[in-house]
Amino acid sequence: MKLESITLHRVAMPLVRPFETSFARQTTRVLLLVHVRTSEAEGWAECVAMEGPLYSSEYVEGAEHVIRSYLAPALLKATDVTAETVGPLTAFVVGHRMAKAALEAAVLDAQLRASGVSFGGYLGAVTDWVDCGVSVGISPDLDTLLDEVSGYVDEGYRRIKLKIKPGWDLIPVYAVRELIGPDMLLQVDANTAYSAADIAHLGRLDPFNLVLIEQPFVEEDIATHVALARAIETPVCLDESIVSVGVALDAIERGATSVINIKPGRVGGYLESVRIHDLCVAHEVPVWCGGMLETGVGRAANVALAALPGFILPGDTSASSRYFAEDLVEEPFVLGTGEHAGQLAVPTGPGTGVTVREHLVRDWALVAPVTLRG
């Protein structure tokens, strides 16, 4: 395909409730949408970078700048662009995986719409429905937390994930485990909030029968994750640390992780996500699909990824209503019922299988869109 234009939209979407982690509290999701027009079709994707460089070094304005100044010009001057060539064409830029992933996803959406193939069909999906978990932010108090968790249990979610930090861990985890009972899947996510001095403290989470503890230490510190994995019974899962298939292999071989959270934006795209998935399957390491408060644009692609065979744990692929009163797509994601309670259907239409509501993109715009042409 020949890229004719790349349009960048910066929008802000209000969240249905504040979402707090160990590093930030969000009431609005500010995001960057990428819209590509090619000689054959159009494609949409969203960049998962946050408004500020708090979760990672990437952030919305920075992603927009690097796309405008470096990545988009490289793609627009190429005579033939496919999802498979986005990586090689943009490799001259160091890092900026989230920006690159957004471009790859938008190109892939256009490519698959042109050929009539779904994301799931292209990536290798083996199921029509995926199990859904829900990520629960840090609450102002226990009563608020338990009310929120009770609502998600009533909705049918198959796994609860609690955000934790020093001072908000043992008591809320105990309270939630008492609420949901001994059998429902429960895991915790620290978002790098702890240090090596906390290893013994984190071991006190073992009695709660957790599926895993996610990313307790800073992303570069693989060694301390190795030490934790040796010291506790709860499986250790890496998130922020995993930025490529090579890093994933190193972490697995060193015993730093026995479960991996795959986030396409964090690793540079869906093609690298599949490579990490395949590596984990070969090493018998279960994976699950993480989330970054995506709209239906990104959620559609994530649900398709989560339908691959190695994704044996419920991901953060929640229903649209978990975060937004109104989604950006005409086909919001709704939890199934009956035998599919707590699951989402994998889109089957060409590309991501969803249709962007462009009037909402305009209504929620923070700045005028920027269109780049070859």
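I began by noting that helices (H or I, at least four residues) and strands (E, at least two) are DSSP runs, numbered from the N terminus. I also kept in mind that this is a predicted model.

**Entry on G349.** I looked up G349 and found it in the loop that runs between β12 (343-345) and α13 (358-363). Setting aside its neighbours within four places in sequence, I saw that G349 is in contact with V117 and S118. The C-alpha atoms of G349 and V117 are 7.3 Å from each other, although 232 residues separate the two along the chain.

**Entry on S56.** I then turned to S56, which sits in the loop between β3 (42-47) and α1 (60-76). Buried means under 20% relative accessible area, so S56, at 19% relative accessibility, counts as buried. A polar atom of the S56 side chain lies 3.2 Å from the backbone nitrogen of E58.

**Entry on the cores.** In the largest nonpolar core, which has 126 residues, I found that I67, L162, L205 and I260 touch the most other members. Helix α3 (residues 97-115) supplies the largest share of this core, with 10 residues. Apart from this core I noted another, of five residues, among them L212, C237, V259 and W288. Going back to I67, I listed what it touches beyond four places in sequence, including L8, L32, V34, A99 and L372.

**Entry on helix α8.** Last, I checked helix α8 (residues 222-231), whose buried residues are I222, T224, H225, V226 and L228. I found that these buried residues of α8 pack against α7 (199-202), β9 (236-238) and α9 (245-254).

Technical notes
Residues numbered from 1 in each chain as written. Predicted model: local features only at pLDDT ≥ 70, side-chain atom pairs only at ≥ 80, totals over all residues. Heavy atoms only, no water. Contact = heavy atoms within 4.5 Å. Core = buried A, V, L, I, M, F, W, Y, C linked by side-chain atoms within 4.5 Å. Buried < 20%, exposed > 50% of the residue type's maximum accessible area, 1.4 Å probe, protein only. Polar contact = N/O pair within 3.5 Å; in protein donor to acceptor, adjacent residues only side chain to side chain.
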